[in-house]
Amino acid sequence: MDERWRLSGLIQLRPLIRISPSHFTFLKKCNLRSILASNQQDAFLPLNPQAILGTILHQLLDDANNGQIKTLEDFNNHLDLKIQRQDESLYSHWINKRHFPLSEKAYHFDIKVKKCWRTISQVILPNNEKSIMNEPYNTSPFGSEKWLESSDKIVGGYIDAIMHLDDKVAIVDFKTGKLLKEDGSGQINEEYKTQLKLYARLFFDEYGYWPDQLLIIDLDGKKHDISFTASECNALMEEARTLFNYINSKIQNKENDLKDMYLIFSSPDPDNCSYCQYRPICPNYWISRQQVPDPRWPNDVIGSIVEKVTLGNGLFHVRIKDRNTNVVSSIRGLNPDWHVVLREDDNDIAAMSLDGDLNMHSYKENRSTTIFAIDPNFVQEILS
Ligand code: SF4
């Protein structure tokens, strides 16, 4: 069996290189997830097809903004090429293969693609015609995909565009996902505001004056103005520096052993962990979901197989006894083509991202379900 299907222990942590404005809020919500991502540690759970599509649409908006897409034909050519490359990557990847082909697995694929073209044709292309974004880089702040970083290089990232709009200097960010908070307030997500305010401060560091406007353009082509003050942008920059220094000094000084660092840096809660691709190896996640029961925790089960049956349709039905609570969970509909672990003799497994079924402690497979074998070393290092 490919060893990637086996969880065997914790992975070393390396210091952050910098903080990107677009990830600062995630870093604050859970340091550990962002450290592992920044260390380019391979994810343990599949990518979300919606997020993959969002990234592609964002690239198309960038391509239009920097003049590579001028017509519908250009748009379709760029889209086809990106989807083809992405599909090849999905198909060849050990856990993402089930999201191939993207056009069938991402919800509302056609609608989102149409919206993307509408934003390009109605907002970006008309603006490109009258913009002065093509001035040489060194003499102008204007342009697309501009790199901005603080003088100490602790905070830095690419901003989608710096535009001259209605005689104002505008920092522009394209967003293809959910823009508004889920509480129904109609407010824009705080993380997006934070991102743009950090970019405003980076712009000030680079050019010596503040932008006039911070704008988000959504997939409906709507512009959202983000109000800001210099003092709040400065405060965010200080907060980012402080967090960067705290994290890196802890990692570099090695005052704590690896498991303690995982515990110190992690902030488990159902909202944080549900979308985290590192949760199979996160000790605090497993501890917290057991200590603080909450129906919003992801449907993950870890323990020993007490029964494994192949049904007439070729799918597995397994019953797993939780190693701490002794609760027995049943999982049906597991496809042996996807779950290589079930074709082996491993008894200790972690079944991640299940769908709830009819009764309590009963689950069924979905397209993101991933099953790992767990080593005795993993149990000792992570779960005990
Ligand atoms: S599982 Fe939760 S606590 Fe652990 S790294 Fe992921 S988000 Fe953080």
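Reader: Before we go on, what sort of model is it?

Author: A predicted model: local features need pLDDT of at least 70, side-chain atom pairs count only at pLDDT 80 or more, and totals for chains, interfaces and linings use all residues. Residues are numbered from 1 along each chain as its sequence is written.

Reader: OK. How many bridges join β4 to β5?

Author: 5 bridges, between β4 (residues 168-174) and β5 (residues 213-217), and the two run parallel. Strands count as paired if DSSP finds at least two bridges between them.

Reader: And what's the strand order in the sheet?

Author: β2-β3-β4-β5-β6, an open sheet of 5 strands with mixed pairing.

Reader: Which strands stand at the edges?

Author: β2 (143-149) and β6 (223-225); each has a single partner strand, so one side of each is left without a neighbour in the sheet.

Reader: Switching to helices: where does α7 lie?

Author: Helix α7 (residues 190-207) lies across β2, β3 (156-165), β4 and β5, at about 135° to β4. Contact means C-beta atoms, placed from the backbone, within 7 Å. Angles run from 0 to 180 degrees between N-to-C directions of axes, which are lines fitted to C-alpha atoms, for helices over the stretch in contact.

Reader: At what angle do α3 and α4 cross?

Author: Roughly 145°, with the axes of α3 (residues 49-65) and α4 (residues 72-92) coming within 10 Å. The contact includes I52 and I56 of α3 and F75 and L79 of α4.

Methods: Helix = DSSP H or I, 4+ residues; strand = E, 2+ residues; numbered from the N terminus. Contact = placed C-beta atoms within 7 Å.
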